[in-house]
Amino acid sequence: MRLLVVDDEGSVRDSLYEIFKDQYDIDTAQSAEEALAILEKNQFDVVITDNQMSNKTGLDLIKEAKPKNPDTAFLLLTAYATVQQAVEAIKIGADDYMIKPFDIDEIEHRVLKAKRLNEYSKRSKLFEEKSLGFERLIGESQNIKEAKTFIQKISDVESAVLILGPSGAGKEVMAQTIHETSPRKDKPFVAINCATLNEQLIESELFGHEKGSFTGATNQKLGKFELASEGTIFLDEIGEMPLDLQAKLLRVLQEKEFNRIGGNKTIKTKARVIAATNRDLQEMIKTGSFREDLYFRLNVLNFNLLPLKDRKEDIPLLVNFIWTNLSKDINRQSSLAQETVAKLSEYNFPGNIRELKNILERMMVLGPSDGEISPEFLPNDLQGASSNTAPSSSSEVSKDFDFSLGLTDLLDQIEKDILLKAMEKVGHSQVKAADLLQIKRGTLQYKLKKYQI
């Protein structure tokens, strides 16, 4: 979750940063004007803003920013509270209101509350659109038709679901569709990727921890199961979960309860569990790297989502859907030539839908801002694509350098190109890409974030 803290007092900004730094991705601003500039370029889940600041107030910030950021929750802080001010804050779009000086536990609770309200609001907007759940699942292939039939049959039950399929095939989209077509649709959908967290963090992410329960636990943290409440928790890449944690997850599935790390209070959960993996769990059971009893608990209902190369009739529909949404996000009026769509439809896409989206986004950014985009803007692997040819495994880095950038920026350009090639080669699996590049997963994640990949 991304959090923006706005206050003209450095001590307050520093205090809030210390409170939330281990829980959220935090940016700070020392004025409403600076915050507005940041919000123009970035999306945040929650904004905490002081009211009394020089020039524009926090109320001014919310009034100006809320219409442009309807999916962002705003929490107003003030040392001079009045009923009139509280009413005005709510009217112009504040999601909550809090008086200084604030209690640490209380502001953590308020931020979590704002985040949840934000999530509920987004889901409510989505459900105003007819059949949004199934509209997420784009395609007319037999596999997608079977997926929709499967979802219709299982959406009303409580049983665990296991979605199998390669990375980037749309397993999370299918999980969201199950949630959004179920009676839980107004409750939270909470996703966690088990492959992106180290063994020390994943237990805290799932079950939360109490303040002081381990080094660095400076505040209480609610885990994903607690946040999911009566909604749905999606455990992506479940095959990457460490064995000792698998036993704890099994207990949650059996007993419907858990404890935060360092806590004695038993917390009940009614969250429905949907898990997904691109691994062969039965083979992992044979090698002792996955618990058989957990497999049977998760594998009550299962569906195998095929790779994009086995449902190519879905590609033109996906291209149209993704391109339409990218056009709104990037504000471009360009379109794809028929020959370009034809080339895309012939390609095997080892990275599946995720690779398709990345290719389309690069074409939109690098291609003409209006008019048709011809096949020449396709990556080299697609230039001669056909249904019988596998994608090129070439890892050659582009030699079209702009030497006016200087050595540092040129090296960054090369490193980004290598990262893109590596991610595409392994189907956009961070675990496999880190192994391929012989670097730690944390280093890879830092570089992906650095280059906005």
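**Reading the terms**

Tutor: Glutamine 452 follows α20 and has a positive phi, near 55 degrees. This is a predicted model, in which local features need pLDDT of at least 70, side-chain atom pairs count only at pLDDT 80 or more, and totals for chains, interfaces and linings use all residues. Residues are numbered from 1 along each chain as its sequence is written, and side-chain values use heavy atoms, with hydrogens and water left out.

Student: Which residues of α20 are buried?
Tutor: Leu444, Lys447 and Leu448 are buried. The term means under 20% relative accessible area, with exposed over 50% and partly exposed in between (1.4 Å probe, protein chains only).

Student: Why are they said to be on the same side of α20?
Tutor: Because they cover an arc of only 100 degrees around the axis; the arc is that of the directions from the helix axis to the C-beta atoms. On the other side of α20, Tyr446 and Lys449 are exposed.

Student: Why is phenylalanine 150 called buried?
Tutor: Its relative accessible area is 14%, and the limit is under 20%, so phenylalanine 150 counts as buried. Phenylalanine 303, at 9%, is buried too.

Conventions
Helix = DSSP H or I, 4+ residues; strand = E, 2+ residues; numbered from the N terminus.
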